[in-house]
Structures are given as structure tokens and as C-alpha cells.
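Dear colleague,

Please find below the structure I promised to pass on, together with its sequence.

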Amino acid sequence: MSYIALYRKWRPKTFEDVVGQEHITTTLKNQILFNRIAHAYLFSGTRGTGKTSTAKIFARAVNCPHHIQGDPCHQCEVCKEIESSGVMDIIEIDAASNRGVDEIRDLRERVKYPPSLGRYKVYIIDEVHMLTQEAFNALLKTLEEPPKHVIFILATTEPHKLPATILSRCQRFDFKRVTLKDMVGRMEYICREMDISIEEKALELIAKNAEGAMRDALSILDQCLSLVEENQTITYENITDTLGLASESWVYDIAGSILKQDIRNTLSLLHEMMDNGKDILQMVKQLREHFRNLLMVKTLSQAENILEMTAEQIESLKNQGEEIIEERLFRFIDHLNQVENKMKTTSQPVIILEMELINLCKQPKGESLESLLERISILEKKIQDGMVTQASPSPRVTPTPTPPPPSRPKVQPTPSPTRTSVPPQGEEQETLQRNDSLTKENIQEKWGDILREVRKRKVSVEALLKEGQLAQYDKGKLLLGFKEGFGFHQTALSRKDNLGLLQQVISQVMNSAIKVECVMMDQITFSGQEEVDIVDKTIEIFGEDVVEIVEEK
């Protein structure tokens, strides 16, 4: 049998195996236990945090007839068939390669068929943000009202690229970056199970370089297993060799040399690591992280909570950064960010790095000339604007009496028309007078202009507003109605900021003070002509023979 990579071999099979996402796994288990399963989910988060693994576990659990506290039992026929990929009730779709409208239309046709073995057909659409706009439109209706036997799980690393209409139809779960502590604990468990000996310091280094992704951590660990012989301990040095990293002592040495402005020693330390085959781009990242750690230690009283370091490491950082001003560390980090980008696009990265290290050594120990000039410029502007004035004694002047203004005939004030103010949005708005001749039909005629203006201000509000309809307008009050199933839209638009924006835009477009209220259609009581209009419209659509009018008693 071929070798199976660690991240595949140790892929989570139960919710308990998913590392660092307890806030999500607990919710999903409770939904299964209390039969509150939704029809659409959105799993978002950075790579390697367990989105697809959680989706697969959930898909097995909702179909397992003998689930154990929300987890699949792995013993029943359904679980075994799903794990062996012998059942078509769990369908995984890669949206990166199936992003067109034709693929989504084909999916819409297939969802009609019931599951072959379990209770649900589960569609897992990975990297869903890669779908085209036409594909999203085709998916929208199915996602809103899918058959009872279908569950959609959308997974993405970029949720901001999804349309608001898609987001509003899903239960969203945000996967966090896995903490260093959780990653080290999981790798320790795997190493014990596989009888692998490894230093704890080595595991911490792997976790730091995985950048919050459990899958990346296991890939690095897998790579390091090939460096040592069987029954041999994996050391910290093995990890640095695998990743092309410089040692921790070297980072302290070159940082200290830069702070002392010793150019010769700094370049000597650089070439020493290069001769040992270390990756110079990794050196830049390590050095930048070291200066960032120095800044955290100088800025925060309890930096160990953020840096996840031992007390000895924190003390070493404090000793090295004792006489460094924070402004100097800001400059170092900014320069190293820029040089990393340059090195990625140049054919001579070594020269770029050498020039930058010389530049860092020559940086002034106090405030930079640029920062001083900037502060002077800000002060000059304040003086020009009159915000800063020079205090000087002024001579006392005896005021001359001012003659009284000529008397004017008294004029009886005329009553002004009633004005209604519209809630401002961002800035003060001119008070508008209510137009009593305005009707709902007038607003309906300009509804397209209103939607376009709302879109300019806030796209998400426009997306929510499209699902509503003009229900009533009377004496300056407009009711926007939402059908059953669109309660989310009604609630979101009723928020103070969104409602204020709507009132402002509608009032400006119609040139009349209008108060807006968002309600569900079943909460509206129609009266008078509106009831007649509804009856006439119903008869027009369905025919007089079909419609029966019943008077309420």
C-alpha cells in the first residue's frame, strides 16, 4: 500500500478531533442532537483550519442513524458506505474548476432526487467564492428553498466575495486560526500514537511556521520524519534545517549587531548563514518577527499572552530591547516589509538584502529626520488654520457706545408650514417639507432611482431592500413589507443605521419628508381603497369564478 501523508492519515473523523474550533463543533453537535438542522451552512476561515473536515464529519453525522452524542458511530452500514465513498449522498464540488452556470444548473436538477441510503443528500461546495455571478444567481433559488432532503455546506477562504443574498441564506461559522498551544497538543498526540520521539521546542517551531493552519503543521512534521532514522529523536535543529531557518541565537546576534550599528559584523553574520544554505527570505521574516517581538515586549505589560513564549524568552527580549526607542523598531519593521516585497521580484535578492542591512545599521538611534519634519509640518498647518495662537498681552481698549438700531414697525409673524426632519446619515441634511399630494404610485415610479442611490451608499442594504415591496404609504409614512421567509431582511433593515439611510435616500429622491418602517406582510392591516385594489388585482389574476370574497364577522 502506498504511503499516506500525515494530514490525510490523521484527518479528523469526529468533532472532538477538530482542533481549536470548539465554538463551531459544539453548535453543530447540538443541532444534530435536537434535530435543528439547517438547510444551508457557510464555513469560512483561512486554509488548513478544518472547514472541509468538519463538513465531512457533519455530513456523516446527519445521516448516521446511531450517532453518538452528535458524532457518527463509524460502525453502521451508512457510516461504512460513506467512508468507503460507496454512496452518492455526499457530493463534493470544487467551485474553482466547476464555477460556471451550467454546472450549477446541473446541480439544481440533481437535488430533486432523494438520497439513496441516508436521510440527507449533502452538497459540499469548496472555494465557493470562485463561482461566477451567473452561477450564484442560478444557485440562489435552490439555496433559499431546497428540498427537505438536501443540505448545502459552502466553504470559502474569502467570504467577502460572496453576494449578500447568498450570505443571508446561510448559517455562517467562522473558523479561527489554530493556536500554537492547540497545534502542539495535537502533534504531541499524533507522535505518541506513531511512537515518534520529538523535542517540544521542535514542535513549537513547527507550529509557529504553520501560521495557524493545522494541515500545514502536519505537512512540515511529515517532511521532518524523513530527516532522521527510525527511533531517533527529531530535534530543533532538524526543523530549522528542513525549513531553511536560521537558529534563534543567530537572530539575536544579528539583531544586536544592527542595534549597535556594526555594519561589518552584520554582513559577516548574514554571509555565514548563506554559506550554510539558509533561505535569505526566511531570514528576513525571522528578523522582522524578532523586531516585532521586541516592540510587543516594550509596549505591553504582559506580552507573553500574545507572543506565546516562555518567561526566559520574554526576559531575553526585554534585555535586548531595554535601550531601544519604539519609533526605531517601527522603522525596522517597515523597512523589512518593503525589502521582502522587493526580494520576491528581483533577480538579485542578496544585493537588496545587503543594502537594506547597511541601511538599518545607519538608521539614527533617536527619532528619524522624516518623523521630525512631519511633526513640524503638522504644527505649521495648525498655526495657519488658527488652531494654535501665540499668547500676547493686548492693550486695554475702552469700548465706544454703539447707537441703538433704528426702530422698525412690528410685523405679525405668519405661521410656517409643518416640517418633518429626516434622520441624517453621516452629515446634516436640509430639513424637507412633507408633500401631502405624494402617493405610493409616485414612489413606485421612482423605485429604480431609489435602489440605485442606496447601492451607491451601501450595497448590502440595496441587496436586502430588493426582497421587500412597497406595502402602504399614508401621510408621510411608508411601510416596506417582506414575505414569510424574509424575516432576516426585515430585521437587518430595521437597524437604526440602515433605516436612517433608507429614510434619507427616499426623502431626497422624492423631495418630501418620509418616515420608513420595515414590517412583515402578515403584520400589515390594509384599509379602504387598498383592500379594494388587492381584491381587484386577485380577480384579475385568477378569474372571478375562482375568487370567493368572505366578509369577516
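Bearing in mind throughout that this is a predicted model, I begin with helix 8 and helix 10 (residues 214-225), which pack with their axes 11 Å apart and at an angle of about 45°. Since angles of 65 to 115 degrees count as roughly perpendicular and those under 35 degrees as roughly parallel, helix 8 is therefore oblique to helix 10. The crossing of helix 8 past helix 10 is right-handed. On the side of helix 8 the contact is made by Met183, Arg186, Met187, Ile190 and Cys191, and on the side of helix 10 by Met214, Ala217, Leu218 and Leu221. Sorted by class, this contact comprises eight nonpolar residues, one charged residue and no polar ones.

Turning to the open spaces, the largest pocket holds about 1100 Å³. It is lined by 35 residues, of which Lys208, Asn209, Glu289, Arg292 and Asn293 are the closest to its centre. The largest share, however, comes from helix 14, with eight residues. By class, the lining of the largest pocket has 15 nonpolar, nine polar and 11 charged residues.

The second largest pocket has a volume of about 580 Å³, and of its 18 lining residues the closest to the centre are Arg11, Lys56, Arg60, Ile82 and Glu83. Two or more lining residues come from each of helix 1 (6-9), helix 3 (51-63), helix 4 (77-83) and strand 2 (90-94), with helix 3 giving the most, namely four. Here the lining divides into seven nonpolar, three polar and eight charged residues.

Finally, how many cavities of 30 Å³ or more does the structure hold? There is one of that size, and the volume of the largest cavity is about 50 Å³. Its lining consists of Trp250, Ile254, Leu270, Met283, Val284, Leu287, Leu336, Leu353 and Leu357, with helix 12, helix 14 and helix 18 (349-361) each giving two or more residues. Helix 14, which also gives the largest share of the lining of the largest pocket, gives the most to the lining of this cavity, with three residues. The cavity lining is made up of nine nonpolar residues, with no polar and no charged ones.

With best wishes

How values were computed:
Residues are numbered from 1 along each chain as its sequence is written. This is a predicted model: local features need pLDDT of at least 70, side-chain atom pairs count only at pLDDT 80 or more; totals for chains, interfaces and linings use all residues. Side-chain values use heavy atoms; hydrogens and water are left out. On a 1 Å grid over the protein atoms alone, a cavity is a set of points where a 1.4 Å probe fits but cannot get out, and a pocket is an open set with protein on both sides within 12 Å along at least five of seven lines; lining residues have an atom within 4 Å of a point. Grid points are joined across faces, edges and corners, and a volume is the space filled by probe spheres set on the points. Ala, Val, Leu, Ile, Met, Phe, Trp, Tyr, Cys and Pro count as nonpolar, Asp, Glu, Lys and Arg as charged, and the others, Gly among them, as polar. Axes are lines fitted to C-alpha atoms, for helices over the stretch in contact, and angles run from 0 to 180 degrees between N-to-C directions. Angles under 35 degrees count as roughly parallel, over 145 as roughly antiparallel, 65 to 115 as roughly perpendicular and the rest as oblique. A crossing is left-handed if the near helix is turned anticlockwise from the far one by less than a right angle, and right-handed if clockwise. Contact means heavy atoms within 4.5 Å.
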